[in-house]
Amino acid sequence: MVDEGARVLLDRLVTGREEFVAQWTGRVGEELRGRLSTVELSRELGELYEAVVAGLSAGGLDGRGESFGEARSLLIELSRTRARQGFTPTETARSVFALKEVLEPALAADAEGARVYLQFARLLDDLGLLTTEAYVRTREEIISSQAEQLLELSTPVVKLWDGVVGVPLVGTLDSARTQVVMEKLLQTLVDSDSTHAIIDITGVATVDTQVAQHLLKTVVAARMMGAQCIISGIRPQIAQTIVALGIEFGDIPTNASLSDALRQALKEIAANAEDDVRGLL
Amino acid sequence: MKDYGAESASAESVAVASSSDVVSARQMVRTLSQRTGLSLVHQTKLVTATSELGRNMLIYGGGGVVRAASVLDGTRSGVFVEFADEGPGIADLDLAMTDGWTSGNGMGLGLSGARRLVDEFDIASRPGGTTVRIVKWSR
């Protein structure tokens, strides 16, 4: 499996191990300007060096081949840590490319070495690209997990009074958020034993048919559980737009402000309580 | 629809390929409306119409481009918005413009509602693309 070029390279890499790793660590350390400790860096790069040497001795110069599995997983791990620590993709990739700079003067001195060096450079390019891939993937994971957290954060359901819960909506209301809002609202209605829910849309900039449809679905679901819903925070421009669009809120009570909605809910609760007392007498 | 010189270089555009792009298109139109001096009610109506037409374009037309520009007609100023997609087109325009009719699972008020929200509304559809152009005047 191991061809002539790989063997020459392997010999030189094994012989010069100490020196190469030290120089490599030095160069990468310079690049990262002390944001990683030299000890940590030297350990990381040392392991990587061993893995590359092992890959070379097992299966030649194909960076995507099976023999470099160990080296690849080390690199992916390294890229993930770098991405989380806030290093740039360039700095991450340079961690690999710096080895080329180290090996160039050592290998390219003679014709045989130069030929081997070019082959090895191609391998390192491949591994360098791999770090960028892993880096981007990690960043995407971070972004999507943050989006999920934001979804949770941006939809609080709060208890306003005994028997009254409030849902202040902010931003846009798409299907995913409606789902979160609905689940939280219905659960809170049960947990707090509430009979009234106030959905406040003061913070929703645009109320179009999609938002309205989602609001209506939420109200219907709450009603099925025996709760009354009031939609509050309808500003003048929103009211005019809803009318022009032709959206009907039917018999769902709406209010300009949250305080009006709360007053209405409390009035209804008081009326119900009175009915209950009369019924007992 | 009269040509208000909306083809000028001052037009801004947003490519719509996902629902977050609809939000960007809305923001672009909102900023432009504010700059043009539309009242809050007119701004809200135009932005809502943009939201409806932009989402229609995304859902039924497979996405497209929203272009917006400030336009002048004599002394009054307004905002022109164009929605162009390369989708399958609308088979029956009259039916599509009917309140409450939808081929999807919306409320069926998007197209007809958007027409009521703006001052000028123009729609051209054929297999291979639909273009909707709207104008909202400042007064």
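Colleague: How much of chain B counts as buried?

Modeller: This is a predicted model, and in it 44% of the 139 residues of chain B count as buried. For chain A, the share is 31% of 281 residues.

Colleague: What makes up the secondary structure of the two chains?

Modeller: Chain B has four helices and five strands, in the order β-α-α-β-β-α-α-β-β from the N terminus. Chain A has 10 helices and four strands. Its elements run α-α-α-α-α-α-β-β-α-β-α-β-α-α, again from the N terminus.

Colleague: Which residues have the most contacts inside the largest nonpolar core?

Modeller: Ala197(A) and Ile199(A) do, in a core of 63 residues. Helix α2 of chain B, residues 40-61, gives this core its largest share, six residues. Another core lies apart from it, with 31 residues, including Leu13(A), Trp24(A), Val96(A) and Val102(A).

Colleague: What is Ala197(A) in contact with, leaving aside its neighbours within four places in sequence?

Modeller: The C-beta atoms of two residues must lie within 7 Å for a contact. Val165(A), Val167(A), Leu185(A), Leu189(A), Ala222(A), Ala227(A) and Cys229(A) are in contact with Ala197(A) on that basis.

Colleague: How do you know that helix α7 of chain A has the span expected of a helix?

Modeller: Helix α7(A), residues 175-191, has 17 residues, and the expected span at 1.5 Å a residue is 24 Å. From its first C-alpha to its last the helix reaches 24 Å, so the span is close to the expected one.

Colleague: Why are the buried residues of α7(A) said to line one face?

Modeller: The residues in question are Val181(A), Leu185(A) and Leu189(A). Seen down the axis of α7(A), they fall within an arc of 60°, so they line one face of the helix. On the other side, Ala176(A), Gln187(A), Val190(A) and Asp191(A) are exposed. The cover over the buried residues includes β2 (164-170), β3 (196-203) and α8 of chain A.

Colleague: Which residues of helix α4 of chain A are buried?

Modeller: Ala71(A), Arg72(A), Leu74(A), Leu75(A), Leu78(A), Ser79(A), Arg82(A) and Ala83(A) are. The helix covers residues 69-85 and reaches 24 Å from its first C-alpha to its last, close to the 24 Å expected. Just after α4(A), Gly86(A) takes a positive phi of about 90°.

Colleague: What makes β1 and β2 of chain B a pair?

Modeller: Two strands pair if there are at least two bridges between them. Strands β1(B), residues 12-16, and β2(B), residues 64-73, have five bridges, so they pair, in the antiparallel sense. Ala15(B) has Val65(B) in β2(B) as its bridge partner.

Colleague: How many bridges join β2(B) to β3(B)?

Modeller: There are 10, and these two strands also run antiparallel. Leu72(B) stands opposite Ser77(B) in β3(B). The two strands form a hairpin with two residues between them, and Gly74(B) in the turn has a positive phi of about 65°.

Colleague: How many residues does each chain bring to the contact between them?

Modeller: Chain A brings 16 residues and chain B 21. On the side of chain A, α8 (209-224) and α9 (236-245) each supply at least two residues. The largest share of that side, six residues, comes from α9(A). By class, the side of chain A has five nonpolar, nine polar and two charged residues.

Methods. Residues numbered from 1 in each chain as written. Chains lettered and ligands numbered in written order. Predicted model: local features only at pLDDT ≥ 70, side-chain atom pairs only at ≥ 80, totals over all residues. Core = buried A, V, L, I, M, F, W, Y, C linked by C-beta atoms within 7 Å. Buried ≥ 20, exposed ≤ 12 C-beta atoms within 10 Å, placed from the backbone. Nonpolar A, V, L, I, M, F, W, Y, C, P; charged D, E, K, R; others polar. Arc of directions from axis to C-beta.
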